[in-house]
Amino acid sequence: MSGPVRVLLADDQQLIRTALRMVMADLDDMEVVGEAGTGAEAVRLTAELAPDVVVMDIRMPGMDGIEATRGITTDPSESSTAARVLVLTTFDDDDYVYGALRAGASGFLVKDMALDDIIGAVRVVAAGDALIAPSVTRRLIRHFASSRPEPATARRELRGITEREREVLTLVGSGLSNTEIAAELCISVATVKTYVTRLFTKLDARDRVQLVILAYEAGLVSVG
């Protein structure tokens with residue numbers, strides 16, 4: 001990517017937006033191009049400003065972050081940009097994480113993360129890579145599984161993947177990083193990246209977040 005990462009901040013809390021904007025203002029590789037206090041405004045500004053990344057709160061008045069994420073990522077009439085959405089939420093009391101990810105969010109941030117970690121996450125997603133820290137992945141699975149029945153009777157079928165690809169998908173769903181998967185399977189990190197890329201294509205997955213969800217829905221990983 002040439003030039004700084006263009007970021008749109010969408011949060012109904014001015015304090016959150018101000019804190020992120022102040023940090024990003026000191027960075028040469030990042031530029032805040034706009035701020036939105038509602039979901040509808042986030043969708044409109046994404047279409048107008050074409051940011052690379054939208055940092056999206058879930059709980060906002062009117063159109064919430066889930067609906068706004070869906071509008072940005074899947075509805076060409078609302079936005080023709082290639083913006084990627086990072087969901088920003090208070091994890092412990094938020095029941096909408098699964099819905100946001102299913103709506104097309106490319107990553108998941110919690111508001112109690114260090115600002116440096118949030119900045120790093122924006123860079124990762126802007127580069128087109130995956131964003132979910134392994135520890136957050138495990139918490140995420142436990143969280144949305146607690147409100148969804150274990151997929152024992154209606155598990156998603158995974159067609160066309162090899163046994164090794166299934167092993168890699170299981171480890172991705174368990175929250176392991178590429179480096180950890182390489183160590184677990186005694187293969188190189190480059191080989192793991194190749195398998196993950198193949199899984200994206202074969203399973204029509206947008207990113208690593210969706211691979212985690214697919215692994216859970218296929219019964220490859222479970223709570224605990």
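How many helices and strands does the secondary structure of the chain come to? It comes to ten helices and five strands. Helices (H or I, at least four residues) and strands (E, at least two) are DSSP runs, numbered from the N terminus.

This is a predicted model, in which local features need pLDDT of at least 70 and side-chain atom pairs count only at pLDDT 80 or more, while totals for chains, interfaces and linings use all residues. Residues are numbered from 1 along each chain as its sequence is written, and side-chain values use heavy atoms, with hydrogens and water left out.

**View 1. The whole chain.** The chain has 224 residues, and 47% of them count as buried. Buried means under 20% relative accessible area, exposed over 50%, and partly exposed in between (1.4 Å probe, protein chains only). The accessible surface is about 10500 Å². Carbon and sulfur atoms hold 49% of that surface. Areas come from the Shrake-Rupley method with a 1.4 Å probe; for residues, only the protein chains shown count as cover. Take the contacts (heavy atoms within 4.5 Å) with a separation of 6 or more: 68% link residues 24 or more positions apart.

**View 2. Asp-57 in strand S3.** Asp-57 lies in S3, residues 53-57. Asp-57 counts as buried because its relative accessibility is 3%. Beyond its neighbours within four places in sequence, Asp-57 contacts Ala-10, Asp-11, Asp-12, Gly-65, Leu-88, Thr-89 and Lys-111.

View 3. Met-63 sits in the loop between S3 and helix H3 (65-74). Its relative accessibility is 24%, so Met-63 counts as partly exposed.

**View 4. The largest nonpolar core.** A nonpolar core is a set of buried Ala, Val, Leu, Ile, Met, Phe, Trp, Tyr and Cys residues joined through side-chain atoms within 4.5 Å. The largest one has 23 residues. Those with the most contacts inside it are Val-168, Leu-169, Val-172, Ile-181, Leu-199, Leu-203 and Leu-211. Helices H7 (163-173), H8 (178-185), H9 (189-202) and H10 (208-217) each supply at least two residues of this core. H10 gives the largest share, five residues.

**View 5. Leu-211 and a second core.** Leaving aside neighbours within four places in sequence, Leu-211 contacts Leu-169, Val-172, Val-196, Leu-199, Phe-200, Leu-203 and Ala-205. A second, separate core has 17 residues, including Met-30, Val-55, Leu-109 and Ile-119.
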